[in-house]
Amino acid sequence: MVDEDIKLIGKDGIRRDGRKFDELRPITIEAGVLKRADGSAYLEWGENKVLAAVYGPREMHPRHAQNPSRAVVQARYNMAAFSVPDRKRPGPDRRSVEISKIMSEALEEIIFVEQFPRSSVDVFVEVLEASAGTRCAALTAASVALADAGIPMSDMISSCAAGKIDGQIVLDLGKKEDNFGEADVPLGMVTSSGKITLLQMDGNLTLDEYKKVMELAMNACREIYQIQREALKKRYSTSLEGYEDIEDTEEE
Ligand code: CDP
């Protein structure tokens with residue numbers, strides 16, 4: 001049953017989970033978590049937990065789907081059966097097919113696909129725990145995994161949603177806010193160029209509200225980009241420390 005009177009923002013202007021209107025849920029990213037993948041990333045964003053794995057560029061199968069002049073990006077978004085309070089029926093559904101499609105299209109914008117004719121770059125995202133904003137979490141994690149795999153690309157995509165709840169424009173809607181709010185606008189952006197690679201909207205906004213939503217989400221993407229970069233720096237500085245040890249032993 002939907003409670004029409006549910007209040008999402010308190011009198012003090014604080015949201016139900018204690019956040020201010022322009023505050024992100026906590027985000028942590030770790031790169032290179034899977035040995036067998038060419039690149040990988042694990043991301044926690046509030047109560048969302050997402051794992052991304054990248055393979056390729058590799059020969060595209062089935063062969064009839066190959067593109068003779070460029071690589072095809074095949075992203076697959078999947079929610080685990082145990083990722084939501086009500087068991088999610090395993091396998092693809094309309095929603096996961098849609099999210100896989102928008103992710104593939106967004107990632108094709110950053111990968112130098114023309115360098116790899118007849119190939120595919122495969123991106124798998126498994127949502128282990130879901131609590132609103134998983135497509136943004138998936139795209140953010142997938143970008144780090146692609147960079148970790150060393151796939152030639154222009155830059156990473158950072159992604160975040162903003163929207164409207166209780167008549168107020170807010171950043172990064174949580175589960176209740178997503179369910180009972182008025183609008184949700186997920187955005188994906190290449191922060192270095194300002195290029196928008198994902199933009200969707202659920203609900204209604206006036207033009208002024210839309211502009212505010214975009215500003216909030218774009219600023220958040222810049223913040224998230226720094227977290228993505230830090231994850232990669234940490235991953236590769238740790239690897240280098242390992243190499244130094246090996247060289248020291250060889251010299252002895
Ligand atoms: O996750 P995102 O906000 O990108 O997509 P959504 O379609 O707006 O879904 C919002 C949330 O609904 C998800 O993050 C899940 O927490 C929840 N959901 C669910 O409980 N069961 C599903 N089959 C699909 C989504």
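A residue is counted as near a molecule if one of its heavy atoms lies within 4 Å of it. In this predicted model, the ligand is surrounded on that basis by M79, V84, R95, A130, S131, A132, G133, T134, R135, K175 and D178.

T134 places a polar side-chain atom 2.5 Å from an oxygen atom of the ligand. For D178, a polar side-chain atom likewise lies 3.4 Å from a ligand oxygen. A130 takes part through its backbone, where a polar atom is 3.4 Å from an oxygen atom of the ligand.

Two packed helices are described by the angle between their axes and the distance between the axes. Helix α1 spans residues 94-108 and helix α2 spans residues 134-148; they pack at an angle of about 40°, and their axes are 11 Å apart. Because of that angle, α1 is oblique to α2. The crossing of α1 past α2 is right-handed. On the α1 side, the contact is made by R95, E98, I99, I102, M103, A106 and L107, while α2 contributes T134, R135, A138, L139, A142, S143 and L146.

Q200 is placed in the loop between β9 (195-199) and β10 (202-203). Its side chain makes a polar contact of 2.9 Å with the side chain of E98. With neighbours within four places in sequence left aside, Q200 is in contact with E98, I102, R135, D184, V185 and P186.

Most residues other than glycine have a negative phi, and most peptide bonds are trans. The peptide bond from G56 to P57 is cis, with omega near 0°, and P57 is found in strand β3, residues 48-59. Another cis peptide bond joins H61 and P62, with omega about 0°; P62 is in the loop between β3 and β4 (72-79). R118 is not a glycine, yet its phi is positive, at about 65°. The position of R118 is in the loop between α1 and β5 (119-129).

Note on methods: Residues are numbered from 1 along each chain as its sequence is written. This is a predicted model: local features need pLDDT of at least 70, side-chain atom pairs count only at pLDDT 80 or more; totals for chains, interfaces and linings use all residues. Side-chain values use heavy atoms; hydrogens and water are left out. Axes are lines fitted to C-alpha atoms, for helices over the stretch in contact, and angles run from 0 to 180 degrees between N-to-C directions. Helices (H or I, at least four residues) and strands (E, at least two) are DSSP runs, numbered from the N terminus. Angles under 35 degrees count as roughly parallel, over 145 as roughly antiparallel, 65 to 115 as roughly perpendicular and the rest as oblique. A crossing is left-handed if the near helix is turned anticlockwise from the far one by less than a right angle, and right-handed if clockwise. Contact means heavy atoms within 4.5 Å. A polar contact is a pair of N or O atoms within 3.5 Å; within protein, one must be able to donate a hydrogen and the other to accept it, and residues adjacent in sequence count only if both atoms are side-chain atoms.
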